[in-house]
Amino acid sequence: MDIDELLADPRAADNPMGFDAVLAADERQEMLADGERLLDEHGFNAEFVPTRLGGRLDRVDRVAAALRALWRRDPCLGLGYGFSSFISGMNIWTAGDEEQQRNAAKLLLDNGKIAAAFHELDHGNDFAHAGFAARATDDGWLLSGRKEVVTNLRRADALVLFARTSSAAGSRGHSQFLVETADLPGESVRHLSRLHSSGMRGVQLGRAEFTDCPVPRHALLGDPGQGMEIALRAYQVTRAVFPAISVGPLDTALRLATEFALERKLYGGAVSDIPYVRATLARAYADLLAIDAFSAVAVRALHLLPEEMGIYAPAAKYLTSRVVLDAFEDLRSVLGAQAYLREGKYGMFQKLHRDIAPATFATCHEQAGPQSAWAAILNLHPCKFASRQSVPSANGRIQPT
Amino acid sequence: MLSGPLLDNALGDAARIAELDATAAFPAEQCAALDAAGLPAYYVPPEWGGKLDDHEVLLRLWRDVARRDLSTIVAHGKTYLGTACVWLAGSEDQASAVAKAVLGGVPAAWALSEPGHGADLLNGSLTATESADGWRLTGAKWPINNATRADLLTVLARTGTAGSARGQSLFLVDKSTLAPGTWQHRRKAATHGIRGVDISGIAFDGARADLLGAQGTGVETVLRALQLTRTMCGGLSLGAGEHALRLTGRFVSTRVIQRKPLIDRAQPRSVLARCAGLLAAAEAAALVGARSIHGLTGEMSVASAIVKSVVPALTDLVIADLTELLGARSYLTDVYEYGAFQKLARDHQIVSVFDGSTPVNRSALAQQFPRLARAYAAETVDGSGLAEAVDIGVRPSELDRGELVLASRNGCSVVQSLPGVVAALSEPELTAMARSLLAITAKVVGLMAEVRPAARPAMAAYELAAAYELCYVGAACLHLWTAENDVWLRVALHAVLTRLTAVLRMPAPEPVDHDPLAELVADAAMTGGAITPFGAGDSRGH
Ligand SMILES: Cc1cc2nc3c(=O)[nH]c(=O)nc-3n(C[C@H](O)[C@H](O)[C@H](O)COP(=O)(O)OP(=O)(O)OC[C@H]3O[C@@H](n4cnc5c(N)ncnc54)[C@H](O)[C@@H]3O)c2cc1C
Ligand SMILES: Cc1cc2nc3c(=O)[nH]c(=O)nc-3n(C[C@H](O)[C@H](O)[C@H](O)COP(=O)(O)OP(=O)(O)OC[C@H]3O[C@@H](n4cnc5c(N)ncnc54)[C@H](O)[C@@H]3O)c2cc1C
């Protein structure tokens with residue numbers, strides 16, 4: 001599937017996937033419904049499902065390219081339709097048993113969504129003191145606590161939940177659970193009002209309070225106490241993919257700035273005649289090419305040099321998120337007033353600028369928690385982490401080496 | 001005298017400010033409260049009954065409002081920008097009529113930009129024609145702050161040859177006197193930040209207007225007025241930076257990660273201190289710039305361009321670093337002080353665009369390189385003027401507006417006095433940093449001397465301008481340094497040197513101890529104490 005062909009000309013006025021439609025959805029703080037429908041029709045989720053399970057995921061550079069194309073048009077679709085389910089999926093392919101994997105694959109191939117519910121506002125990176133806990137009972141587990149700032153929490157068909165399962169200190173106190181939302185008794189999960197954000201405005205950031213919510217024993221992903229390890233292994237992949245994705249929004253921003261510079265007349269010539277503008281555009285393009293090259297190597301290294309990923313992934317991540325944001329700042333100085341308007345021909349620029357902002361959040365630290373899996377899309381700093389390296393095998397399943 | 005605390009109370013609560021932003025509603029109650037508190041008097045010079053006798057005071061007042069809500073002061077403060085040309089070029093009758101209106105709370109606008117022309121002031125297409133009964137305007141201005149709310153507008157219009165320096169004139173428009181059908185508003189634009197502010201436009205079709213100043217002097221008057229208004233824009237950035245630092249300082253002090261508050265960890269501490277240092281540096285430059293309006297009036301073509309570029313740029317950096325530190329709370333609109341951080345970050349991005357964007361100011365500085373290089377080599381310093389410019393908090397001499405000239409004859413005394421300031425220092429660490437600043441400045445000025453003057457300077461000129469701005473900031477820090485503010489200005493100078501060496505691809509300076517400043521800032525954020533060396537406490541406390 002050629003995503004660009006599917007999304008069609010962004011400037012075509014009647015394109016339901018065009019810039020006008022994308023901006024209008026952003027203003028309404030909604031996902032682009034036509035976009036989601038189109039992606040459903042073309043089974044985009046198959047990109048996240050290993051070929052062994054009926055999907056198209058056999059090489060990480062392929063899913064990175066698909067996601068990049070989506071992010072180039074609309075980062076809200078990129079995250080809210082794409083990356084969120086991809087991250088959840090990576091945790092499941094990493095640790096799920098055969099039945100869990102098959103169910104998750106089916107759900108995704110049927111255009112379902114799986115949310116990754118890791119974050120708690122009060123604890124952030126402080127996973128060891130996270131409040132969300134699972135208590136073992138005779139026939140399963142009871143989940144209690146809050147999850148917040150979770151993409152698609154309310155509308156997802158399934159959740160990957162991160163919960164404390166032991167009060168013992170150390171990294172084995174947490175586990176992951178995979179549950180279908182239809183199976184959760186309504187009275188034990190209270191969804192709180194959606195959270196809103198300055199960018200990614202269409203993405204539904206949910207929060208919910210769980211009170212003794214029963215889940216069956218087989219909801220556990222992997223073994224008890226493996227929650228951190230699974231998250232970090234999945235994170236190996238998702239973190240390597242994000243720099244490649246971030247080229248998408250920068251690509252569009254650069255096109256917008258170039259279009260503006262060629263079109264706008266000033267001082268009796270085109271804005272593109274001004275040496276400052278020429279140099280700024282050229283530098284942003286050089287930045288884009290550098291990130292493209294660097295991230296391509298990082299993504300391919302997942303397959304070819306997995307034992308070196310502990311260096312490549314954080315290096316790519318650290319460098320590229322800063323370069324992307326700096327390039328956006330430089331391009332803003334070319335667009336001037338047009339970078340500040342939410343309307344008009346270049347209104348898309350400020351949206352992309354807001355959407356890409358989280359690239360620097362959530363500094364990941366030595367004892368970084370599972371939020372780091374989310375920091376995969378948000379993290380700036382190089383992380384040291386202790387988990388084993390993993391490699392995606394030909395069938396897309398991530399195996400410890 | 002009007003004070004920060006009074007303004008703090010006038011603005012009302014953060015929840016309301018967030019709500020206005022979310023619904024893109026104009027901050028009407030807030031502006032009315034500022035009127036009631038008497039802020040408009042500070043936009044009018046004393047000779048016409050106002051209190052604009054000290055631009056340092058105005059800078060501080062703007063900062064005090066901006067640290068609560070940047071949108072409100074961008075809206076309210078536009079009246080100051082909109083009338084600045086009147087005090088420079090208006091007749092006695094015009095000035096007293098405008099003064100009376102402003103003192104009575106009438107908002108004004110400054111209409112320079114046109115849909116097809118932004119920074120290019122010489123090529124505007126709105127035209128003024130003279131007929132038997134006076135001047136008539138035809139054409140449109142957009143995007144203009146206050147275009148719809150304002151009763152008074154100063155408008156730049158073509159009266160001669162397009163593209164020529166004397167082809168434009170300024171006009172004063174009083175909407176209440178216009179014949180119906182000769183003008184109409186253009187609807188409010190949807191903006192990325194300052195969402196509630198009246199950014200709209202106005203189109204004229206034979207509307208009556210009064211010539212302001214002599215025909216053909218429009219651009220010159222605008223460029224002289226911009227020397228004042230661009231400098232005052234520094235107050236907007238200082239307020240936004242202070243707001244960001246207080247919000248993040250409180251978060252870092254109270255956020256416990258692995259049983260330890262973030263402030264007790266090395267990395268967050270150091271980021272907080274570096275940001276406080278950069279903000280203190282920006283404050284030093286803005287204060288010296290504002291006081292230079294009185295002390296070094298003839299040098300404002302340089303100082304205003306520097307302050308307008310570097311103060312927003314440093315503040316943008318501070319906000320970017322603090323965004324990272326604050327994490328999700330920098331992004332969410334409904335948690336943590338009603339999402340105040342993301343709002344101030346969006347609001348602040350306008351400061352580097354309007355009233356002359358950063359590239360425009362850097363090219364204005366580059367045009368003055370030859371003179372700056374010569375004056376640096378000659379160590380030209382206006383000693384008494386400089387003394388007044390750095391004497392923070394002391395009432396300055398009266399501004400002689402006639403001394404505002406298009407190109408400074410003396411260069412820039414703040415930078416050119418650097419050798420003397422450095423020679424007078426004794427404390428080793430500070431002296432070492434000051435010496436590197438001096439060496440770097442000499443290098444930068446040497447490169448500036450090699451830039452050939454051009455209508456469209458090469459990219460290198462913009463980079464040198466950016467470096468020279470930082471030299472100015474460093475010099476301002478040294479001029480203002482005392483044992484009492486050492487905790488800030490030592491880190492400030494270090495942060496400036498770090499940036500300068502990065503820009504020039506030179507080795508970074510030796511590290512300085514960030515801990516004392518981190519402690520001070522965390523404490524000030526919690527208790528409401530002053531968070532910059534020349535800042536005011538926050539009356540709300542915390
Ligand atoms: C919210 C808002 C409020 C505003 N309020 C007012 C107002 O009250 N009154 C008013 O008159 N205007 C107002 N403006 C307009 C504003 O002042 C202009 O946006 C600004 O002057 C720059 O013009 P421009 O963005 O149209 O860019 P242009 O002038 O079209 O320039 C385009 C680009 O060319 C480059 N460029 C231009 N000149 C140079 C140079 N010399 N050197 C190097 N590069 C250069 C820059 O990259 C610039 O971004 C407002 C704008 C906004 C967004
Ligand atoms: C658009 C968007 C979508 C999201 N979607 C999801 C989702 O689907 N699922 C989900 O679970 N989460 C999601 N998140 C939340 C995301 O995971 C968090 O924002 C991220 O984990 C950071 O947490 P925090 O902001 O609370 O920062 P904190 O962890 O509180 O960190 C704050 C600051 O403290 C510093 N810090 C933390 N620990 C240390 C330490 N040990 N040493 C020194 N400094 C430290 C950090 O560097 C940072 O500067 C989303 C966020 C956004 C913005």
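This is a predicted model: local features need pLDDT of at least 70, side-chain atom pairs count only at pLDDT 80 or more; totals for chains, interfaces and linings use all residues.
Biologist: What makes Asp26(A) and Arg201(A) a salt bridge?

Modeller: The closest N and O atoms of Asp26(A) and Arg201(A) are 3.9 Å apart, and the criterion asks for a side-chain nitrogen of Lys or Arg within 4 Å of a carboxyl oxygen of Asp or Glu, so the pair qualifies. Between domain 1 of chain A and domain 2 of chain A the count is two salt bridges, alongside eleven residue pairs in polar contact, both residues being at pLDDT 80 or more.

Biologist: Which helices supply the side of domain 1 of chain A that touches domain 2 of chain A?

Modeller: Helix 2 (19-27), helix 5 (75-95) and helix 6 (98-109) of chain A each supply at least two residues of that side, and the largest share, ten residues, comes from helix 5 of chain A.

Biologist: How do you know that domain 1 of chain A and domain 2 of chain A are in contact?

Modeller: Contact requires heavy atoms within 4.5 Å, and 23 residues of domain 1 of chain A are in contact with 22 residues of domain 2 of chain A, although 23 Å separate the centres of the two domains, taken over C-alpha atoms.

Biologist: What area do domain 1 of chain A and domain 2 of chain A bury between them?

Modeller: The two domains bury about 1900 Å² between them, 56% of it on carbon and sulfur atoms. In domain 1 of chain A, Gln29(A), Gln100(A) and Lys113(A) lose the most area to domain 2 of chain A, together 32% of what that side buries.

Key: Residues are numbered from 1 along each chain as its sequence is written. Chains are lettered from A and ligands numbered from 1 in the order in which they are written. Side-chain values use heavy atoms; hydrogens and water are left out. Domain bounds come from an automatic or database domain assignment. Buried area is the accessible area (1.4 Å probe) that two parts lose on being put together, summed over both. A polar contact is a pair of N or O atoms within 3.5 Å; within protein, one must be able to donate a hydrogen and the other to accept it, and residues adjacent in sequence count only if both atoms are side-chain atoms. Helices (H or I, at least four residues) and strands (E, at least two) are DSSP runs, numbered from the N terminus.
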